[in-house]
Amino acid sequence: MNRQEIDALVKQMNVDTATGPVDERVQQVVVRLLGDLFQAIEDLDISQSELWKGLEYFTDAGQANELGLLAAGLGLEHYLDLRADEADAKAGITGGTPRTIEGPLYVSGAPETVSFARMDDGSEEGKIPTLIIEGTVTDTDGNRVEGAKVEIWHANSLGNYSFFDKSQSDFNLRRSIITAADGQYTALTTMPVGYGCPPEGTTQFVLDKLGRHGNRPSHVHYFVSAPGYRKLTTQFNIEGDQYLWDDFAFATREGLVATAVDVTDEAEIAKRGLKGPFKHIQFNIVLQKDQAGVPSTEVERRRASA
Ligand code: MBD
Ligand code: FE
């Protein structure tokens with residue numbers, strides 16, 4: 001069939017058959033995606049067995065709760081960032097910390113404190129370097145933002161995230177820090193290790209077929225929100241990791257690479273109340289003012305909460 005015949009057939013089966021109220025947007029998207037799928041089946045001569053393999057794959061990926069991981073791994077989530085960047089550029093919005101993907105591992109409801117939080121539960125002490133992350137939240141004119149909510153989450157020494165990894169304590173390595181008048185936030189935590197897709201999982205299954213790895217560099221995620229500002233979804237990825245520019249989820253971006261500096265100075269260690277050397281990362285956040293007519297940066301998606 002040619003595209004015209006395909007589109008006519010799709011319409012005949014899924015539009016002309018409507019006898020009840022129609023959600024116009026859903027109809028528009030379903031009709032378009034079906035037309036594109038039928039066309040792909042035609043062009044690639046996809047067999048019945050292949051079609052069922054694909055549907056069974058989605059069943060398995062959904063049951064494994066890996067569809068969010070798949071969206072990251074296939075670059076769908078990064079593509080949406082590129083589109084959001086384009087929309088911002090078109091609206092004349094510039095400046096501020098770049099956005100990058102949320103990923104599938106956020107959990108809402110993390111403990112909230114002002115200015116400072118210790119993020120780790122101490123269970124990996126001695127096994128992994130201590131990390132202090134600090135920075136300012138400012139607007140694009142350099143003014144400090146008070147009352148910004150800095151939500152931070154990252155992996156442990158095995159690249160695993162609490163909640164999804166049930167061996168970790170509740171909200172381990174997940175905190176919300178509210179800035180005071182100085183706009184500063186400080187997190188005392190442990191060095192994250194890059195995530196790798198579960199080797200026997202559904203995402204890695206498809207990555208294997210594509211000859212791709214499923215690894216991320218060491219990174220730390222952020223949601224930063226404040227009244228009057230656009231919500232920022234971002235992360236920094238850490239210099240020196242072999243996957244820094246070879247991230248299976250394409251989240252590393254210019255402006256989002258952080259350097260972990262080794263601190264061995266005794267006075268500095270004492271000042272921080274620590275017992276030994278630590279790593280330090282400075283990650284300043286610049287928020288864009290929210291204005292009428294600018295695209296929303298709020299993304300609705302199902303998120304875990306604990
Ligand atoms: C992660 O930690 C992550 O950030 C993404 C995008 C995908 C899988 C694991
Ligand atoms: Fe992550």
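Okay, let's start with the layout: the C-alpha centres of domain 1 and domain 2 are 40 Å apart. Domain 1 covers 1-46 and domain 2 covers 70-305, with bounds from an automatic or database domain assignment.

Some housekeeping. This is a predicted model, where local features need pLDDT of at least 70 and side-chain atom pairs count only at pLDDT 80 or more, while totals for chains, interfaces and linings use all residues. Residues are numbered from 1 along each chain as its sequence is written, chains are lettered from A and ligands numbered from 1 in the order in which they are written, and side-chain values use heavy atoms, leaving out hydrogens and water.

Now, helix α6, residues 202-209: T202, T203, Q204 and L207 are buried there, meaning under 20% relative accessible area, with exposed being over 50% and partly exposed in between (1.4 Å probe, protein chains only). Helices here are DSSP runs of H or I, at least four residues, strands are E runs of at least two, and both are numbered from the N terminus. What covers those buried α6 residues? The cover includes α3 (48-63) and α4 (67-73). Just after α6, G211 has a positive phi of about 70°.

Over to helix α5, residues 76-90, which is where L82 is found. L82 is partly exposed, at 36% relative accessible area.

Last stop: an unreviewed UniProt entry puts "domain: Intradiol ring-cleavage dioxygenases" at residues 133-161; such annotations may be inferred rather than shown by experiment. That span is 0% helix and 45% strand, and its end C-alpha atoms lie 18 Å apart.

Terms used:
Contact means heavy atoms within 4.5 Å.
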